Amino acid sequence: MIPVTVAVIFIVYLIMYLTPGDPVALLLGADATPELIAETRQKLGITDPFFVQFARYVWNLMRGDFGMSWYTGNPVSERLFAAIPYTVTLSLLGMLVALIISVPLGVIAAVRRNTVWDYSISVFAMIGVSAPTFWVGTMLILLFALEWKMLPSAFNNQWTSFILPTITQGFNMLASVVRTQRSSMLEVLSSDYVRTARAKGVSHFSATYKHALRNAVLPSITVAGLNFGQLVGGSVAIETVFAIPGVGRLMIDNIKLHDTPTVIGCMVFVSVMVSIINLLVDILYGLIDPRIKAQYVKGNKNGKRKNK
Amino acid sequence: MKLWKKLACLAVACMMLLTAVSALAEWDGTITIVQSSDVIGFDPTASTDTNNKNVLKNMVSRLYETDDYFNPVPVLATEYKQLDDYTWEFKIAQNVQFHDGTILTVDDVIYSLERAKAKSSSGKTLLGPVTSFEKIDEETLRITTGTVYGSMLTALSNSACTILSKAWIEKAEAGECTWDDVIRYGATGRYILGERNIGNSCTLIKNPNYFDPNDAAQNEKLIFRIIPEATTRTIMVQTGEADVNVNFDTAAMNDCLKDPNVQVLQHESSTIYYIALNCEKGPFTNKALRQAVAWAIERADCLEVGYNGYGKVWSNVWAPTVYGAKDDPYSYDPAKAEELVKQSGYAGQEIKACVKTDAEERIAQVVQSYLSMVGITMNYSRIDNTVLTEVMANNEYDMAFDYTAFYNDPELFVGRQFQASGIGAKNYAHYTNPEVDELLIKAKATLNEEERAEYYHQINKILCDDCPWIGMFNSNLYALARTGISGVNINVETTYWYNTICYK
């Protein structure tokens with residue numbers, strides 16, 4: 001996780017450094033004199049060579065100091081830590097909604113293959129993959145807030161204001177999980193052990209949902225885990241449309257302002273989050289599939305890890 | 001009538017009754033305002049963003065404020081007199097309380113103004129001619145200038161010249177409190193800073209001890225919600241989640257005009273969309289070619305694509321609200337433009353233009369086609385705002401699309417925008433003209449308003465003829481409010497005072 005984070009910081013720092021434009025001109029406004037601009041550049045340390053700036057940033061970060069925002073003059077950590085709960089809540093809720101809806105839909109599509117159910121679910125999944133989150137969010141606001149007046153159009157600290165952003169967030173992930181779950185379920189349903197179970201008189205329901213589903217759900221968890229990174233990154237559009245003061249919005253606002261310390265602070269958070277989720281997915285694998293857990297246990301006992 | 005029909009009628013009647021009751025429910029005094037960006041900070045000398053300044057403005061006071069047309073009106077200064085061309089004396093209002101209960105003194109005023117002059121970009125410019133601030137007695141402040149300075153009152157109404165408690169500023173500068181604390185306890189305005197949820201909302205509570213009870217807030221609480229997306233801001237007002245949208249996007253104008261729940265409020269602005277032409281380098285060093293561009297463009301089309309037609313065509317280099325800007329000198333005349341192109345000796349080389357926003361890009365497309373009709377080849381590229389400032393300052397462009405708001409007094413901007421001293425900063429055209437310099441010296445040397453107006457009119461005529469900038473159109477300003485709301489103030493620059501907003 002640490003090498004990944006350092007690499008992310010290096011790349012983002014380099015990109016921000018190489019991006020043309022003067023943050024000081026924006027910071028001081030149109031009335032700024034050339035002398036004041038030069039003085040402020042010096043004060044912010046942006047006249048130093050790249051490696052000096054980068055080393056200073058990493059050194060401070062190691063001591064838990066994310067630096068000061070060039071634009072507000074306040075500590076980046078203050079704003080970042082205020083934003084993290086919103087993004088984490090939104091991403092987790094989005095993933096939960098996506099999994100709760102998409103796994104059953106994927107199973108139904110596989111079990112009722114080549115029926116109207118299968119085609120309808122596939123069309124639904126295709127729309128989810130194709131529709132940009134920005135557009136989905138705006139359409140939901142127009143329908144549920146403006147037309148039907150059922151839900152608030154923007155975040156207002158109440159749980160109801162999380163409904164539309166969560167659906168928007170979940171919709172995009174839902175599509176890819178449905179498709180993965182469907183193909184995985186089809187593969188497992190045609191496997192020998194399911195056929196044997198059915199031949200031995202196990203009911204259709206039990207063979208499908210007890211025996212097959214447990215094995216077929218693993219690829220969906222992988223896809224969900226991989227997509228979680230996209231959820232955190234993709235929160236930029238959703239947080240902007242629904243006015244949620246999360247990390248995505250903080251990042252996009254500060255990219256526009258060329259506020260390097262704040263942008264990198266956000267990127268550090270995103271990379272740490274993605275690393276943690278990947279680790280959790282690996283752990284979850286072991287819990288769901290006893291064969292994987294057994295491989296690790298056996299590998300540890302033999303002093304080495306064996307491949308299947 | 002069947003039972004289910006009776007029940008349905010009863011349900012409809014109940015719903016109508018509920019709607020009527022809720023409509024009559026008494027307003028609790030809260031006004032929710034949606035705006036596109038958050039408050040960045042409350043230090044008035046560091047604040048450059050308009051939304052930031054507007055939130056701050058409602059919690060603080062200055063010696064002077066400006067009215068809808070930027071004319072200065074007294075607030076903390078009760079009167080002034082000029083002892084001579086260089087010396088001004090101001091009487092400061094007595095018994096004005098800061099939010100912490102302490103009383104405003106002349107020392108607080110001097111400290112705030114000296115700090116503005118030392119620290120703020122605009123303060124340095126606007127208070128540049130001031131040589132000293134002196135306390136004469138407990139209610140009198142004397143300001144001395146090194147030159148004749150006719151814009152003193154306008155300068156004192158600038159946001160940098162906000163008056164705050166010296167004690168609280170010193171605490172903030174020593175790191176003993178935050179700027180939120182300075183505004184919460186060390187300001188004198190109509191509202192007191194309440195809860196602040198960074199990136200989401202900011203609440204202002206009515207100040208019960210405001211020094212002028214006749215001009216106190218007419219609402220109890222202002223909640224500013226930060227909504228970056230224009231569509232969401234509009235919908236929030238339409239649905240009643242918010243009362244006023246101060247950053248209304250005209251793209252939703254038609255829908256809002258048809259919606260009985262909202263009202264669109266409009267005001268003339270001091271903003272013009274213009275094209276800056278590089279007078280120092282490249283093809284536009286030739287005045288005839290600059291004038292050719294001015295005659296070649298149908299500005300009504302630019303207004304339509306750039307601002308959905310909400311404004312007026314305006315070819316002057318200054319906004320119509322600026323005194324001295326009387327004329328609209330250019331119109332669409334392709335024949336004249338072609339003649340000037342020939343006269344300029346332009347050989348068809350590519351003109352490089354830069355734009356930074358969607359609207360400017362659309363305008364550039366229209367301009368590109370009109371210029372091609374008179375034989376001028378222009379290509380544009382889109383770059384970031386910060387990059388554009390750098391490109392202009394470094395003289396690496398031929399033509400740039402931009403928009404700007406103006407002070408009504410040309411003394412406050414002509415020097416920076418059209419004199420050698422502004423090159424590298426706001427003189428994007430890299431324009432100089434000794435005749436303009438000479439007239440500016442004369443204009444600054446007199447306090448006679450008629451004489452000043454005449455000098456600035458002459459300067460404006462020269463600038464319009466020289467075309468360092470070409471005016472395109474003057475955009476209107478809009479705000480969206482719930483039906484039934486009154487007291488939304490829009491001046492030539494922005495929606496600003498929020499103390500009068502209420503439901504009648």
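How many Å separate the centres of domain 2 of chain B and domain 3 of chain B, taken over C-alpha atoms? In this predicted model, the separation between those two centres, taken over C-alpha atoms, is 34 Å. Where the two domains touch, domain 2 of chain B contributes ten residues and domain 3 of chain B contributes twelve residues. On the side of domain 2 of chain B that touches domain 3 of chain B, four residues are nonpolar, five are polar and one is charged.

| Domain of chain B | Residues |
|---|---|
| Domain 1 | 30-39 + 189-261 + 483-503 |
| Domain 2 | 60-168 |
| Domain 3 | 269-476 |

Chain B also holds an open sheet of four strands, which run in the order S4-S5-S7-S6 with antiparallel pairing. Its edge strands, each pairing on one side only, are strand S4 (77-84) and strand S6 (130-137) of chain B, and neighbouring strands of this sheet are turned against each other by 20 degrees on average, direction ignored. Strand S6 of chain B pairs with strand S7 (residues 140-145) of chain B over six bridges in the antiparallel sense, and Ser132(B) stands opposite Thr144(B) in S7(B). Helix H3 (residues 106-119) of chain B packs on the sheet, where it touches strand S5 (87-92), S6 and S7 of chain B, and its direction makes about 175 degrees with that of S6(B).

As for confidence, chain A averages a pLDDT of 84, and 94% of its residues score at least 70. Among the elements of chain A, the highest mean pLDDT, 92, belongs to helix H7 (residues 133-147) of chain A, whereas helix H14 (residues 290-301) of chain A has the lowest, 68. Where pLDDT is low, the predicted coordinates should not be read in detail.

Note on methods. Residues are numbered from 1 along each chain as its sequence is written. Chains are lettered from A and ligands numbered from 1 in the order in which they are written. This is a predicted model: local features need pLDDT of at least 70, side-chain atom pairs count only at pLDDT 80 or more; totals for chains, interfaces and linings use all residues. Domain bounds come from an automatic or database domain assignment. Two residues are in contact if their C-beta atoms, placed from the backbone, lie within 7 Å. Ala, Val, Leu, Ile, Met, Phe, Trp, Tyr, Cys and Pro count as nonpolar, Asp, Glu, Lys and Arg as charged, and the others, Gly among them, as polar. pLDDT is the predictor's confidence in each residue, from 0 to 100. Helices (H or I, at least four residues) and strands (E, at least two) are DSSP runs, numbered from the N terminus. Two strands pair if DSSP finds at least two bridges between them. Axes are lines fitted to C-alpha atoms, for helices over the stretch in contact, and angles run from 0 to 180 degrees between N-to-C directions.
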